[in-house]
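Open the model in your viewer and keep the selection tool handy. We will go from the whole chain to a few places inside it, one stop at a time.

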Amino acid sequence: MADFKDLYAHICYTFKNEELLKQALTHSSVSSNKHKNYERLEFLGDRVLGMTVAHLLYNTFPNDREGELSQRFNRLVCADTVADTARRLKLNEYIIAKEKDIIESVNVLCDVCEAVIGAIYIDSDIDTAIAFVEKHWKPLFNKDLTAKKDFKTALQEKLHKLKQPFPIYEVVSKTGEEHNPLFEIKVSCQDGHFAFGEGHSKKEAEQAAAEKLLKLLEEKHD
């Protein structure tokens, strides 16, 4: 069994059943057994993370409208933010995978972090898992308390002003390894304008495409 003493200090939790922690850190490239890799725990942890962050936002920003809360929520639970949290907690130093590039993948880091949340829930109880999320996510609220519009939302609002329907997003291609894919997305609007964007997730590629189309429309109409 690996020595998790330093990791426990970083995550501020000590597992009673270290096999659960090991499972949460194990990528499917090492074991395809669903009870020995992190995939099922990630499914559980994702739900605990989402529910806890939503509850925190509801209480922390009582004057925000639903749309503002959604924007904050999306920034706090997106793959990049969760992956950054994984690095901050040093989870990347303990991930068990066949290749180094797997460990460095944003998607894998995000999944592992969520799997650890799920493992804490199973190892203890829901209150402890919620407390873990609160401890490690609440400080992020203070970094930028102003809800920022994402480019997809901004594009939608721009098209609304132009009296056009919602934009249409479509996947042009998906390349790269399964653990580190690269998506190309096309976004188009009713008047025939379109743009392309790339990213390591569909959401990231959609944001990139929306940013380009928004800039194009602003240059044309402003």
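Colour the chain by secondary structure and follow it from the N terminus: the elements run α-α-α-α-α-α-α-α-α-β-β-β-α. That comes to 10 helices and three strands, where helices (H or I, at least four residues) and strands (E, at least two) are DSSP runs, numbered from the N terminus. This is a predicted model, in which local features need pLDDT of at least 70 and side-chain atom pairs count only at pLDDT 80 or more, while totals for chains, interfaces and linings use all residues. Residues are numbered from 1 along each chain as its sequence is written, and side-chain values use heavy atoms, with hydrogens and water left out.

Zoom out for a moment. The C-alpha trace spans about 60 × 45 × 25 Å along its principal axes. Of the 222 residues, 40% are buried, meaning under 20% relative accessible area with a 1.4 Å probe, protein chains only.

**Stop one: the core**

Select Ile11, Phe15, Leu25, Leu91 and Trp137. They have the most contacts inside the largest nonpolar core, which has 45 residues. Such a core is a set of buried Ala, Val, Leu, Ile, Met, Phe, Trp, Tyr and Cys residues joined through side-chain atoms within 4.5 Å. Several helices supply at least two residues each, including H1 (5-11), H3 (39-60) and H8 (126-141). H7 gives the most, with 10 residues.

Now centre on Ile11. Leaving aside neighbours within four places in sequence, Ile11 is in contact (heavy atoms within 4.5 Å) with Leu89, Leu91, Phe132 and His136.

**Stop two: a helix pair**

Show H7 and H8. How do their axes cross, and within what distance do they come? They cross at roughly 145° and come within 7 Å; axes are lines fitted to C-alpha atoms, for helices over the stretch in contact, and angles run from 0 to 180 degrees between N-to-C directions.

Select Cys78, Ala79, Ser201, Lys203 and Glu204. Of the 35 residues that line the largest pocket, these are the closest to its centre. A pocket, on a 1 Å grid over the protein atoms alone, is an open set of points where a 1.4 Å probe fits, with protein on both sides within 12 Å along at least five of seven lines; lining residues have an atom within 4 Å of a point.

Technical notes
Buried means under 20% relative accessible area, exposed over 50%, partly exposed in between (1.4 Å probe, protein chains only).
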